[in-house]
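Hi,

Here is the structure I promised to pass on.

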Amino acid sequence: MNLFSTIVDTLSASASLIAILVVLGAWLNSVRSPLKIVRVVIHRKEDESTYILLVKNRLSHTVVIKNMRCFTHRNYRVEQKNNCAPEYHPELSYSDSPFTSNKEKEILGKGHTDIRYTYTNYTKDINQLLFSMDTTHGFLTLKCKNIEIVSMGSVQTYDLEFVKNYDNKYKALKTFFWLKVKYCFRSKTNN
């Protein structure tokens, strides 16, 4: 009888743990943003840039982006008015905005969709992009650090000092670090 009660207690404890994990998983899935910007490719031309966004829809139905505002970073302002408590305000500034758009874009369910925006050139450095958008699922603020900038129409040629292909990652890294050390010493002695 003692063995039977141990087995029943073990099964009930594991069933309780599974139920807790299922509820936690469902809660985490409902809290997640329905959209994710996986990658941004920026094609820069002389007078304009095209921003190509690869957007992933985690839901099984279509999400419509009503408008999109893109920013390079978020500013944080701390202020204190006379005889008042200090206040902290995160804010997005349009002076740090590469583009904005009011065109509606549909992101199909359970898949990836490329959306494109063409705007004038943005001359500041871009390390990340923040997207503030109004969608059919509410307001979303998404961040993307996977950015590739491609200069269109300009050609640059370089001479290669060293080229060799390796089948082994560690041999390639060893050669890379050796060339890096040689380059650093050569640049120090030339100055």
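A residue counts as buried when its relative accessible area is under 20%. Tyr-117 has 4% relative accessibility, so Tyr-117 is buried. Please keep in mind that this is a predicted model.

In one of them, the rings of Phe-99 and Tyr-117 are stacked, because their planes meet at 25° with the centres 4.9 Å apart. The two partners are 18 residues apart and link distant parts of the chain, with Phe-99 in strand S6 (residues 99-101) and Tyr-117 in strand S8. Phe-99 is buried too, at a relative accessible area of 2%. Together with Tyr-51, Phe-99 and Tyr-117 make up one aromatic cluster. Lys-105 lies over the face of Tyr-117, 5.1 Å from the ring centre.

Next, the core. The largest nonpolar core has 24 residues, and those touching the most other members are Leu-35, Ile-37, Val-40, Leu-53, Met-68, Phe-131 and Met-133. At least two residues of this core come from each of strands S1 (35-44), S2 (48-57), S3 (63-71), S8, S9 (129-135) and S10 (138-144). Leaving aside residues up to four places away in sequence, Met-68 touches several residues, including Leu-53, Phe-99, Tyr-117, Phe-131 and Met-133.

One backbone detail may interest you as well. Lys-110 has a phi near 50°, a positive value in a residue other than glycine. Most residues other than glycine have a negative phi. Lys-110 sits in the loop between strand S7 (105-107) and strand S8 (111-120), and Lys-110 is exposed, with a relative accessible area of 61%.

Best wishes

Definitions and conventions:
Residues are numbered from 1 along each chain as its sequence is written. This is a predicted model: local features need pLDDT of at least 70, side-chain atom pairs count only at pLDDT 80 or more; totals for chains, interfaces and linings use all residues. Side-chain values use heavy atoms; hydrogens and water are left out. Helices (H or I, at least four residues) and strands (E, at least two) are DSSP runs, numbered from the N terminus. Buried means under 20% relative accessible area, exposed over 50%, partly exposed in between (1.4 Å probe, protein chains only). A nonpolar core is a set of buried Ala, Val, Leu, Ile, Met, Phe, Trp, Tyr and Cys residues joined through side-chain atoms within 4.5 Å. Contact means heavy atoms within 4.5 Å. Rings of Phe, Tyr and Trp (its six-membered ring) pair if their centres lie within 6.5 Å; planes under 30 degrees apart count as stacked, over 60 as edge-to-face and the rest as tilted. A charge sits over a ring if NZ of Lys or CZ of Arg is within 6 Å of the ring centre and within 35 degrees of the ring normal.
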